[in-house]
Structure formats: structure tokens, C-alpha cells
Amino acid sequence: MHPKVTQEIIDTYADIGVAHVPGAFSADWVAGMTEVIDDVINGLRAGTVEFGPHEIQRDVEFEDHDGYVRLINLYNRVPAMNALIEGCDCAEIVADVIESDEMRAWMDGTFLKEGNAEETATPWHNDECLFPLQGHHSPSMWVALTDVGRDNAPLKTLARSNRDPHRYVSSWALEGAVAPANFHPWDELLERTEASDADIRVWEAKAGDMLVIHPKTIHASLPRTAGQNGRRIGFSLRWIGSDIRYEINPTAKLSPFQDSALLKEGELIPEEVIPVTWRRNSHNAAA
Ligand SMILES: O=C(O)CCC(=O)C(=O)O
């Protein structure tokens with residue numbers, strides 16, 4: 001097992017759907033990833049960086065207002081970001097936490113927050129709601145690129161929502177789509193977070209800490225209340241592990257996979273669609 005992963009971390013993930021791995025990334029790694037992200041944001045703002053349509057990859061999404069930046073799908077378009085992920089041991093750490101034998105990185109999101117606007121809060125959701133996947137090995141690896149104290153928009157989660165037997169029809173779902181019987185309405189998800197006995201955990205973190213979030217875990221962030229000084233950056237990468245199979249989600253607006261002709265219901269995602277980033281071998285399995 002990776003030295004940064006303890007049995008307690010694995011058990012907490014299985015119990016409440018979140019694992020906190022302190023110091024998972026070095027200060028150099030955090031500085032490198034922050035520089036890559038800042039370069040992209042500055043370039044997009046100045047018009048010197050453009051991500052046009054790509055033959056294979058999904059479009060880059062860039063939202064920038066009220067001290068809030070949301071940047072999606074950089075991983076396969078920015079070689080320096082890809083190199084930072086592949087050059088560190090984060091895939092192995094996540095694999096050990098979720099108990100998977102292989103890991104593939106497939107979608108990333110960067111969430112930068114400045115100032116004090118309420119809009120900096122991320123609304124309640126779970127990540128599974130739009131996934132065309134079945135299985136448990138599709139966590140998000142959320143990395144604090146700044147210190148994230150109570151006033152700096154920490155994530156919050158609803159403990160044990162990772163154990164829900166059902167799924168939710170997302171508030172971003174296709175209008176009029178007919179949901180399968182095990183999909184519950186979005187309002188129910190929101191009501192659960194407002195219940196007086198809701199077991200909500202708040203995850204303060206230091207720069208370089210990792211949170212592994214189960215795809216069913218209902219989560220959000222507090223707003224940033226720290227004022228004009230500093231900022232908060234969270235980098236989130238979705239992974240696919242060994243128990244994941246393709247499952248059409250009729251409520252999902254977009255397939256996150258480009259080449260859907262290669263995808264077959266109930267089968268593994270082919271490596272031509274998403275390559276394997278890390279695989280457990282006899283050496284690291286025995287360690
Ligand atoms: O960092 C944030 O505020 C949001 C992260 C998140 O919700 C996600 O990655 O799914």
C-alpha cells in the first residue's frame with residue numbers, strides 16, 4: 001500500500017464517502033500545478049490562449065465572474081497538466097483508497113474563488129448524477145492548491161450518502177428525459193442536506209492535501225468569506241477504476257466520452273477511449 005494511505009483512511013472512505021489524505025502532493029507539485037492553471041486563466045482572459053474544437057477531446061469550459069472561475073477539461077489539452085498528474089503517485093494513492101487495480105483519468109475541473117461573493121459557493125450535488133457509468137470506482141480526487149480554512153470555501157459533504165442504493169436525476173439533466181426507476185428527484189437530494197439531523201462534514205485542508213470523494217457522496221462548498229486577501233483553488237480530477245462499466249444514462253445532457261461508437265452497455269470503457277494511467281502490478285500489490 002502507498003505509505004500515505006492508512007487503513008483508517010480506507011475505512012473512513014468506505015464509511016462516509018470521503019477520505020482526507022494530508023500532504024499527498026509536494027509543495028513543488030502544488031506550485032507547478034498552480035502556475036499551469038494561472039497561465040491558462042491569464043491567457044484565456046487576455047485572448048492569447050484559445051482552445052478551439054478538438055477532433056477527439058471535449059470542449060474546454062471557462063466560466064469567469066464574481067470572483068469565481070470554473071475551468072473544465074484541461075487535462076487532455078494542456079500537456080504540462082497531464083505531465084504533472086502522470087509524474088506523481090496520485091493515481092496509486094486514489095487506487096489504494098478506493099481499492100481498485102487500475103486507474104484512468106478522464107475529466108478535470110478547476111475551481112478558483114476570490115473575494116467574498118455568495119456565488120463562490122458550490123451548490124449541493126453529487127458527481128454520479130451525470131455519469132454514464134455503473135460501479136463505485138469513479139471518485140473525484142480533489143486537491144487543495146491553497147490552504148482552505150473555514151473562511152476559504154472548504155468542501156462540505158453529507159456523510160454516508162455514498163451508500164445510497166439509488167441515483168438522482170440531476171438539476172442539469174436533459175429536459176423531458178425519462179429517468180429509470182432507481183433515479184430519485186433532485187429536490188430529495190436538497191431536502192436531505194437541509195434536514196435537522198443531516199450529518200454534514202466540513203473539510204478544511206492545507207495546500208497539497210487530497211480529498212477522495214465517492215461518486216455518490218453529496219457535496220458542496222461553503223462560500224468564501226475571507227475577504228479580498230488571498231484566494232482558494234481546488235483542482236478536481238475524475239478517475240475510473242476497475243469496477244466501472246459503461247451504462248447509458250438517459251438523463252445526461254452530454255456524454256463525457258467522444259467516441260461513443262466504441263462504447264457498449266455493461267462493458268469496460270475501451271482503452272482507445274480512455275487510456276489506463278496506472279495499473280497495479282505484482283510489485284506495488286505486494287508493497
Ligand atoms: O471546489 C469546489 O468548490 C467544487 C468541487 C466539486 O464540487 C467537484 O469537483 O465536484
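# Pocket, strands and helix faces

Trainee: By class, what makes up the lining of the largest pocket?

Mentor: The lining has 16 nonpolar, 8 polar and 11 charged residues. Keep in mind that this is a predicted model.

Trainee: What volume does the largest pocket have?

Mentor: About 860 Å³. Its lining counts 35 residues, and the closest to the centre are R70, I72, L130, W172 and R238.

Trainee: Which elements give two or more residues to that lining?

Mentor: Five strands: β2 (61-65), β3 (68-72), β4 (102-113), β6 (140-144) and β13 (232-240).

Trainee: And where does the largest share come from?

Mentor: From β4, with 6 residues.

Trainee: Let's take β13. Is it buried or exposed?

Mentor: Buried. That holds for 9 of its 9 residues, so the rest of the structure largely encloses β13. One side has R232, G234, S236, R238 and I240. The other has I233, F235, L237 and W239. Both faces are covered. R238 is also one of the residues closest to the pocket centre.

Trainee: How many bridges join β4 to β13?

Mentor: There are 9, and the two strands run antiparallel.

Trainee: How many bridges does β6 make with β13?

Mentor: 5, again in the antiparallel sense. V143 has F235 as its bridge partner in β13. A144 has G234.

Trainee: What else does β6 join?

Mentor: Strand β11, residues 210-213. They run antiparallel and share 4 bridges. M141 stands opposite V212 there.

Trainee: How many residues of β6 are buried?

Mentor: 5 of 5, which leaves the strand mostly covered. S140, W142 and A144 are buried on one side, M141 and V143 on the other.

Trainee: Switching to helices. Which residues of α5 are buried?

Mentor: W186, L189 and T193, in a helix that spans residues 186-194. Around the axis they cover an arc of only 60 degrees, so they sit on the same side of α5.

Trainee: What does the face turned away from that side carry?

Mentor: The exposed residues D187, E191 and E194.

Trainee: How far apart are V36 and L84, in sequence and in space?

Mentor: 48 residues in sequence, and 9.6 Å in space from C-alpha to C-alpha. V36 lies in helix α2, residues 27-46. At 11% relative accessible area, V36 is buried.

Trainee: Backbone next. What stands out about the phi of D66?

Mentor: It is positive, about 50 degrees, although D66 is not a glycine. D66 is in the loop between β2 and β3. Its relative accessible area is 46%, so it counts as partly exposed.

Trainee: And what about the phi of A153?

Mentor: Also positive, about 55 degrees, and A153 is not a glycine. This residue is in the loop between β6 and β7 (155-158).

Trainee: Is A153 buried or exposed?

Mentor: Buried, because its relative accessibility is 0%.

Trainee: Last topic, cysteines. How many disulfides does the structure hold?

Mentor: 0. C90 is in none, and the nearest cysteine sulfur, that of C88, is 3.4 Å away.

Trainee: Why does a sulfur at 3.4 Å not count as a disulfide partner?

Mentor: Because the pair has to be within 2.5 Å.

Trainee: Is C90 buried or exposed?

Mentor: Buried, with a relative accessible area of 1%. C129 is buried too, at 1%.

Conventions:
Residues are numbered from 1 along each chain as its sequence is written. This is a predicted model: local features need pLDDT of at least 70, side-chain atom pairs count only at pLDDT 80 or more; totals for chains, interfaces and linings use all residues. Side-chain values use heavy atoms; hydrogens and water are left out. On a 1 Å grid over the protein atoms alone, a cavity is a set of points where a 1.4 Å probe fits but cannot get out, and a pocket is an open set with protein on both sides within 12 Å along at least five of seven lines; lining residues have an atom within 4 Å of a point. Grid points are joined across faces, edges and corners, and a volume is the space filled by probe spheres set on the points. Ala, Val, Leu, Ile, Met, Phe, Trp, Tyr, Cys and Pro count as nonpolar, Asp, Glu, Lys and Arg as charged, and the others, Gly among them, as polar. Buried means under 20% relative accessible area, exposed over 50%, partly exposed in between (1.4 Å probe, protein chains only). Two strands pair if DSSP finds at least two bridges between them. The arc is that of the directions from the helix axis to the C-beta atoms.
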